[in-house]
Amino acid sequence: MLRALDDCPGPERLRRLALLAGVGRPEEAHDRLVRYWHWALPADLPSRLARAVVEGAVPAPPDTPTAATVLGYAELHALATGDGRRRQPQRHQVGDVASFYAGVVDACALATGCPARHAEALDHFVRTYARVGGHDDTPAFRAHLRARFRHATRPDAFAPRYWRHALTVTGATPPRSTATGPGHLAAPLAALHQRVSGLHLAGDQIPSP
């Protein structure tokens, strides 16, 4: 925590001090992140699917923390507990919430697999977004989705900030989950968003699949 305050100007040092002071014990911060995601997801999402999304969205406190991962975890905590926190897509936005979230999780599972399946992951991801809007996966729809993602991935938006800090904590290649899903969703989501929009969700640390 002390190293996270090094080599930054005074105003940034004060901001980091406030972030770090708000975290408290790591396990308590983890519990607050879990509570945020249960609040943010649709209430009628099937429990097993909700568990997979929460597991994939909430990184565990790092076993061997560095200054960067400690600060990244504090940034996640601030986003999830601050006034600017956001709900995730709800039924009125995506229709069949189970189909939407299952499609995203499945696409992420494919994206974390062998490189030969990356194109399949991208197709599955795009079809998920097309299906919930009643569209076909056409070149015109992909152009529409590309423009939408380009707008949604502006650096100051909630989602890019959350996944960027999650990547700092988990790294680009976190282990797969043996329980409910592909492991942490930050890296595959960043890669899929990058393939659709042409923009990095989290800087240069995520290679294109």
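How many nonpolar, polar and charged residues are in the lining of the largest pocket? I looked this up by class and found 21 nonpolar, eight polar and six charged residues. Ala, Val, Leu, Ile, Met, Phe, Trp, Tyr, Cys and Pro count as nonpolar, Asp, Glu, Lys and Arg as charged, and the others, Gly among them, as polar.

Basis of the entries. I note that this is a predicted model, in which local features need pLDDT of at least 70 and side-chain atom pairs count only at pLDDT 80 or more, while totals for chains, interfaces and linings use all residues. Residues are numbered from 1 along each chain as its sequence is written, and side-chain values use heavy atoms, with hydrogens and water left out.

Entry on the pocket. I read a volume of about 960 Å³ for the largest pocket. Of its 35 lining residues, Arg-87, Gln-88, Pro-89, Tyr-129 and Ala-159 are the closest to the centre. A pocket is an open set of points on a 1 Å grid over the protein atoms alone, where a 1.4 Å probe fits, with protein on both sides within 12 Å along at least five of seven lines; lining residues have an atom within 4 Å of a point. The volume is the space filled by probe spheres set on the points. I found that α9 gives the largest share of the lining, five residues. Helices are DSSP runs (H or I, at least four residues), numbered from the N terminus.

Entry on α4 and α9. I found helix α4 (residues 67-81) packed against α9 at an angle of about 150 degrees, with the axes 8 Å apart. Axes are lines fitted to C-alpha atoms over the stretch in contact, and angles run from 0 to 180 degrees between N-to-C directions. The two helices are therefore roughly antiparallel, a term for angles over 145 degrees, whereas 65 to 115 counts as roughly perpendicular. The contact (heavy atoms within 4.5 Å) includes Gly-72 and Tyr-73 of α4 and His-165 and Ala-166 of α9. By class, this contact has eight nonpolar, four polar and two charged residues.

Entry on α1 and α4. I noted an angle of about 75 degrees between helix α1 (residues 10-23) and α4, with axes 9 Å apart. The pair is therefore roughly perpendicular. Among the contact residues are Leu-19 and Leu-20 of α1 and Leu-71 and Ala-74 of α4. I recorded seven nonpolar, two polar and three charged residues there.

Entry on α7 and α8. I saw that these axes come within 11 Å and cross at roughly 90 degrees. That makes α7 roughly perpendicular to α8.

Key. Parallel < 35°, antiparallel > 145°, perpendicular 65-115°, else oblique.
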